[in-house]
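Work through each one before reading its solution.

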Amino acid sequence: MRLILLGPPGAGKGTQAVRIANKYNIPHISTGDILRKNIKDGTELGKKAKEYIDKGLLVPDELVVAIVEDRLKEEDCKSGFLLDGFPRTVNQAEALDKVLNNMNTSLHGVINIKVDKSTLVGRAVGRRICQECGATYHVEFNQSKTEGKCDVCDGELYQRNDDKEETVSKRIEVYLNETAPLTEYYSKKELLENINGQQDINNVFEDIVLALGSEK
Ligand code: ADP
Ligand code: ADP
Ligand code: ZN
């Protein structure tokens with residue numbers, strides 16, 4: 001299955017992506033995770049990306065398109081893939097269409113997780129991430145068993161630099177201006193599946209599985 005997860009910051013893309021990737025046995029490709037790994041490792045790409053990420057702005061299209069193009073050519077993507085946080089602009093979506101076209105393949109569906117703006121800020125600000133394995137928690141809605149420690153690997157949990165309230169608001173604004181138009185882009189291609197993200201994590205997942213039911 002070749003899928004895209006769309007939705008504003010804090011909608012629950014990463015949380016659902018882990019479950020979808022497990023169920024359908026496809027790699028979870030998060031451009032945000034890849035960029036944060038580059039920042040952590042101090043690469044040139046990481047240095048460039050950090051300037052944008054810390055301000056809540058999008059990293060330039062050419063940088064992320066190159067990341068995704070390389071990643072999709074890896075062996076494990078032959079069985080399918082789940083893109084999380086990419087594409088984020090119409091320009092990226094068009095670039096992805098070209099890449100897939102050149103690979104003689106295409107998308108099965110685009111899952112659009114919908115959540116009200118008023119809910120998003122609290123979700124993102126309360127998000128905590130494991131420093132070691134990247135697992136995602138929430139201080140209120142998805143707590144780890146031991147405060148500040150990861151259930152999976154016992155790693156330390158941290159708050160993302162860009163999950164401060166001010167930056168989150170900026171990211172939501174950027175989403176509305178630059179990414180929201182993609183719902184129309186994929187709706188026209190009859191690929192869009194709207195999902196109510198304003199429910200319990202397990203119920204959101206059930207709805208996604210139902211929506212994908214008709215796919216291969
Ligand atoms: P979110 O949880 O807000 O959806 P991500 O982890 O997907 O966040 O992305 C964090 C940041 O990384 C974004 O605010 C942006 O600066 C950068 N980024 C991630 N994916 C992309 C992309 N496809 N295009 C441009 N910038 C991106
Ligand atoms: P995204 O990748 O879209 O930015 P995440 O999956 O990281 O979103 O979720 C943002 C925060 O909200 C995390 O702290 C996560 O634990 C929490 N969260 C995710 N889905 C739900 C949900 N359905 N209800 C409540 N909290 C949620
Ligand atoms: Zn962990």
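**Exercise 1.** Find how much accessible surface the protein has and what share of it belongs to carbon and sulfur atoms.

*Solution.* In this predicted model, the accessible surface is about 11400 Å². Carbon and sulfur atoms account for 46% of that area. Turning to burial, 47% of the 216 residues are buried.

**Exercise 2.** Decide whether the radius of gyration of the protein agrees with that of a compact globule.

*Solution.* Start with the expectation: for 216 residues, a compact globule would have a radius of gyration near 17 Å. Next, take the value for the protein, 16 Å. The two agree. As for the overall dimensions, the C-alpha atoms fill a box of roughly 45 × 40 × 35 Å along the principal axes. The protein has nine helices and eight strands.

**Exercise 3.** Work out which residues coordinate the zinc ion (ligand 3), and classify the geometry of its site.

*Solution.* First, list the donors: the SG atoms of C130, C133, C150 and C153, at 2.3 to 2.4 Å. Second, check the angles among these four donor atoms, which run from 96 to 116°. Four donors count as tetrahedral if all angles lie between 85 and 135 degrees, so the site of the zinc ion (ligand 3) is tetrahedral.

**Exercise 4.** Explain what the pair C130 and C150 ties together.

*Solution.* Begin with the donor spacing in sequence, C-x2-C-x16-C-x2-C. C130 lies in strand β5 (residues 127–130), while C150 sits in the loop between β6 (136–138) and β7 (157–158), so the pair links parts that are 20 residues apart in sequence. Finally, look at burial: C130 is buried at 2% relative accessibility, and C150 is buried at 4%.

Terms used
Residues are numbered from 1 along each chain as its sequence is written. Chains are lettered from A and ligands numbered from 1 in the order in which they are written. This is a predicted model: local features need pLDDT of at least 70, side-chain atom pairs count only at pLDDT 80 or more; totals for chains, interfaces and linings use all residues. Side-chain values use heavy atoms; hydrogens and water are left out. Donors are N, O and S atoms within 2.8 Å of the metal (3.2 Å for Na, K and Ca); water is not among the atoms, so sites may look incomplete. Four donors count as tetrahedral if all angles lie between 85 and 135 degrees; four count as square planar and six as octahedral if opposite donors are over 155 degrees apart and all others between 65 and 115; anything else is irregular. Helices (H or I, at least four residues) and strands (E, at least two) are DSSP runs, numbered from the N terminus. Buried means under 20% relative accessible area, exposed over 50%, partly exposed in between (1.4 Å probe, protein chains only). The radius of gyration is taken over C-alpha atoms; the globule rule is 2.2 Å times the number of residues to the power 0.38. Accessible areas come from the Shrake-Rupley method with a 1.4 Å probe; for residues, only the protein chains shown count as cover.
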